[in-house]
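Thanks for sending this one over.

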Amino acid sequence: MRGAGRPFVDLTESNPTRAGFAYPPDLLASLSDPRALEYCPAPLGAAAARRAVSADYRRQGLDVPPERVVLTASTSDAYSLLFKLLADAGDEVLVPRPSYPLFDHLTRLDLVAARSYELEYHGRWAIDFDSLQRALSPRTRAVLVVSPNNPTGSFIARGELERLAAICEERHIAIIADEVFAEYALEPDVAAADGRAACVQNALAFGLGGLSKSAGLPQVKLGWIAVAGPERLVNDGLKRLELICDTYLSVSTPVQVAAAELLTRGAGIRSQIADRVRANYRVLKEDVALVPSCRVLGADGGWYAVVQVPSFELEEDLVLRLLTEYGVLVHPGYFFDFASESFLVVSLLPPEAAFRDGAARLLGHFTGDSPGFYRNHHH
Ligand SMILES: Cc1ncc(COP(=O)(O)O)c(C=O)c1O
């Protein structure tokens, strides 16, 4: 449709730099700080940058000392470093389902096998601990959680994280918690009850964060790992991570010099994104409430929402019909391995007017509106 010049509303847009936010033109000025002209390699990251990340955790009410912060070029980089740290070829990590499709590639590229455990929906999403127990094997080295999860929007509750930590402690395996969306609560008060990796004390836990989401700056390439757990395991892990990071040294010096300022100024972008995703989530819930055959699944946070729709046809056919006839692009649930059909995943990032238009098109299909109506109305 792009090739044919046919316009459509893209409700899969998840690139914050293309969603109409006001980035101050000088936001990246600190990347040209002359202090970055000197190269002083530090495997776990420059001390000042690690202190800045530690201070950013403190702002969120979390205690992560700078010595327990490891800088990375991105979250994907962090996963790769941690798989190298924790697993030998053929070892296994447990990944949630439904979740982020990139895990298939991230694990295989480090010769690790991903085994799934289920998230179950009953009004809210929760870990199915029976499925998690079944997925554990003698080769399991870590359990991944994404909180809030992409695309279900579910936070891991504090009680769930404690239960998971007890399992990991007993089996001497680690928790890897992807918290990149942690500051994007969609409903008031939900984040108060969430579990953060930094609070885990009895098992080795790694919390992942980065500027991609927290400051809407994926192109800047700065992420981090917060290491938590028993002192001996943390220190041993850090020592080994230092060797791995020293082998690649993938975090650029300019971004480390700029880290403190980017973290501070990123708050302005973060609040724009947070307002946008909350507003769009509210619109989606209001609009879907008027369509009895569809429902929005409860999401606590993040940049996505899931709409459950009737299964009259395959998700693939439905998504193609929505695109070609109604002019709206959404992701099918199967991209994220939902246990059944039919689910549609929408990004909450698009500008409000486009989002409203896209939601109307999506729902128009289920209320029997003629596609022709939407063909002639473009935002
Ligand atoms: C759950 C999750 N983790 C990590 C990332 C990517 O982060 P990074 O750009 O730091 O690799 C994404 C991006 O969509 C994501 O959805």
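**Notes on the aromatic rings**

1. Phe103 is buried, with a relative accessible area of 2%, and Tyr79 is buried too, at 0%. Here buried means under 20% relative accessible area, exposed means over 50%, and partly exposed lies in between (1.4 Å probe, protein chains only).

2. Before going on, a word on the basis: this is a predicted model, in which local features need pLDDT of at least 70 and side-chain atom pairs count only at pLDDT 80 or more, while totals for chains, interfaces and linings use all residues. Residues are numbered from 1 along each chain as its sequence is written, and side-chain values use heavy atoms, leaving out hydrogens and water.

3. Searching the whole structure gives ten aromatic pairs. Rings of Phe, Tyr and Trp (its six-membered ring) pair if their centres lie within 6.5 Å; planes under 30 degrees apart are stacked, over 60 edge-to-face, the rest tilted.

4. Ring pairs join Tyr79, Phe83, Tyr100 and Phe103 into a cluster.

5. Do look at Arg163 as well: its charged end sits over the ring of Phe129, 4.1 Å from the ring centre. That wording requires NZ of Lys or CZ of Arg within 6 Å of the ring centre and within 35 degrees of the ring normal.
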